[in-house]
Each structure stands twice: as C-alpha cells, then as structure tokens.
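Subject: Structure for you, with notes

Hello,

Here is the structure I promised to pass on. Please open it alongside these notes.

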Amino acid sequence: MAIRKSNKLHQNALVLKQILKRCSSLGKKHGYDDYGLPLDVPKGHFAVYVGENRTRYIVPISFLTHPQFQSLLRQAEEEFGFDHDMGITIPCEEVVFRSLTSSMIR
C-alpha cells in the first residue's frame, strides 16, 4: 500500500513539474516578458483555457495541489497533451470549472 501511494505521489509531482515547465516556457511572444511568462498573469498564477469557447481563466498555482484539479489536468493531458503552443486546455464545461474552482478557494 505504501509503495502504491508513493508511486502516485511521484506521478503527481511529475505532472505538476510538466505543467509548471509548460507554463513558463511559452516563449517570447507579444504580451510575454523576457522569461516567456505572460505579462497579465500575476506571480503565483497560471492561465488555463476552458470549454468550447476556450475561455481563459487565471488560477493560483495552489490549485495544483487539489485532487480535483489534478484530475482535470490528467484529463487535459489525455485529450490534448501538454506539448503545444496553445496553453493548457481543460476539457470540461465552464460552469463545471467555475463551480469546482470556487469550492477550492473556500
């Protein structure tokens, strides 16, 4: 049991590292600083795109520790992958995403 839990924690850590690396390696494009970070995203946050219209949301990095958000990220990786120029796209309806993230803030 301890080995299974350790492996799961290790996998979660790897996914989080991939996400943070992806968020910080978007390149020097219009609206990005010298480090490739978006100018309109505050420190300690990152952008995700949600729903059919790919609405952009700025979320705190602390969400990465929430199991529900990690589940969304796994779904995003399975459906879209993380190796593309578009940013992280969350495969769920906006109303579901807003409900989930509002419960995380409390």
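Below is what turned up, from the overall layout down to single residues.

**Confidence**

Please keep in mind that this is a predicted model. The mean pLDDT of the protein is 78. Of its residues, 63% reach 70 or more. Among the elements, S2 has the highest mean pLDDT, at 93. Helix H1, residues 2–24, has the lowest, at 63.

**Layout**

The protein has 3 helices and 3 strands. From the N terminus, the order is α-β-β-α-β-α. There are 106 residues, and 36% of them are buried. Take the contacts with a separation of 6 or more: 45% of these come from residues 24 or more positions apart.

**The sheet**

The 3 strands form an open sheet with mixed pairing, in the order S2-S1-S3. Strand S2 (55–60) and strand S3 (88–90) are the edge strands, each pairing on one side only. From one strand to the next, the twist averages 40 degrees.

Strand S1 covers residues 45–50. S1 and S2 run antiparallel, and 6 bridges join them. His-45 stands opposite Pro-60 in S2. Ala-47 has Ile-58 in S2 as its bridge partner.

**Helices on the sheet**

Helix H2 spans residues 67–80 and packs on the sheet. Helix H2 touches S1, S2 and S3, and its direction makes about 110 degrees with that of S3. Helix H3, residues 94–105, also lies across S1, S2 and S3. Helix H3 runs at about 15 degrees to S2.

**The rings**

A search of the whole structure finds 4 aromatic pairs. One of them is Phe-46 with Phe-69. Their ring centres are 6.2 Å apart and their planes stand at 75 degrees, so this pair is edge-to-face. Phe-46 belongs to strand S1 and Phe-69 to helix H2, so the pair ties together parts 23 residues apart in sequence. Both Phe-46 and Phe-69 are buried.

Phe-69 also pairs with Phe-97, and this pair is tilted. The distance is 6.4 Å centre to centre, with 55 degrees between the planes. Phe-69 sits in helix H2 and Phe-97 in helix H3, so here the parts tied together are 28 residues apart in sequence.

How accessible are Phe-69 and Phe-97? Phe-69 has 0% relative accessibility, so it counts as buried. Phe-97 has 1%, so it counts as buried too.

Step back and the pairs join up. Ring pairs link Phe-46, Tyr-57, Phe-63, Phe-69 and Phe-97 into a cluster.

**Val-48**

Val-48 is found in strand S1. Its relative accessibility is 0%, so Val-48 counts as buried.

Which residues is Val-48 in contact with, leaving aside its neighbours within four places in sequence? They are Thr-55, Arg-56, Tyr-57, Val-59, Phe-69, Ile-88, Ile-90 and Phe-97. Phe-69 and Phe-97 in that list are also members of the ring cluster. Ile-58 is 10 residues from Val-48 along the chain, and their C-alpha atoms are separated by 6.5 Å.

**The S1–S2 hairpin**

The hairpin of S1 and S2 has 4 residues between the strands. Within this hairpin, Gly-51 takes a positive phi near 80 degrees.

Now look at Arg-54, in the loop between S1 and S2. Arg-54 is not a glycine, yet it has a positive phi of about 50 degrees. Is Arg-54 buried, exposed or partly exposed? Arg-54 is partly exposed, with a relative accessible area of 28%. Arg-54 also lies over the face of Tyr-49, at 4.8 Å from the ring centre.

**Where to look**

For a quick tour, start with the S1 and S2 pairing. Move to the ring cluster that includes Phe-69. Finish at Arg-54 over Tyr-49.

Best wishes

How values were computed. Residues numbered from 1 in each chain as written. Predicted model: local features only at pLDDT ≥ 70, side-chain atom pairs only at ≥ 80, totals over all residues. Heavy atoms only, no water. Pairing = 2+ DSSP bridges. Helix = DSSP H or I, 4+ residues; strand = E, 2+ residues; numbered from the N terminus. Axes fitted to C-alpha atoms, helices over the stretch in contact; angles between N-to-C directions. Contact = heavy atoms within 4.5 Å. pLDDT = per-residue confidence, 0-100. Phe/Tyr/Trp six-rings, centres within 6.5 Å; stacked < 30°, edge-to-face > 60°. Buried < 20%, exposed > 50% of the residue type's maximum accessible area, 1.4 Å probe, protein only. Lys NZ or Arg CZ within 6 Å of the ring centre and 35° of its normal.
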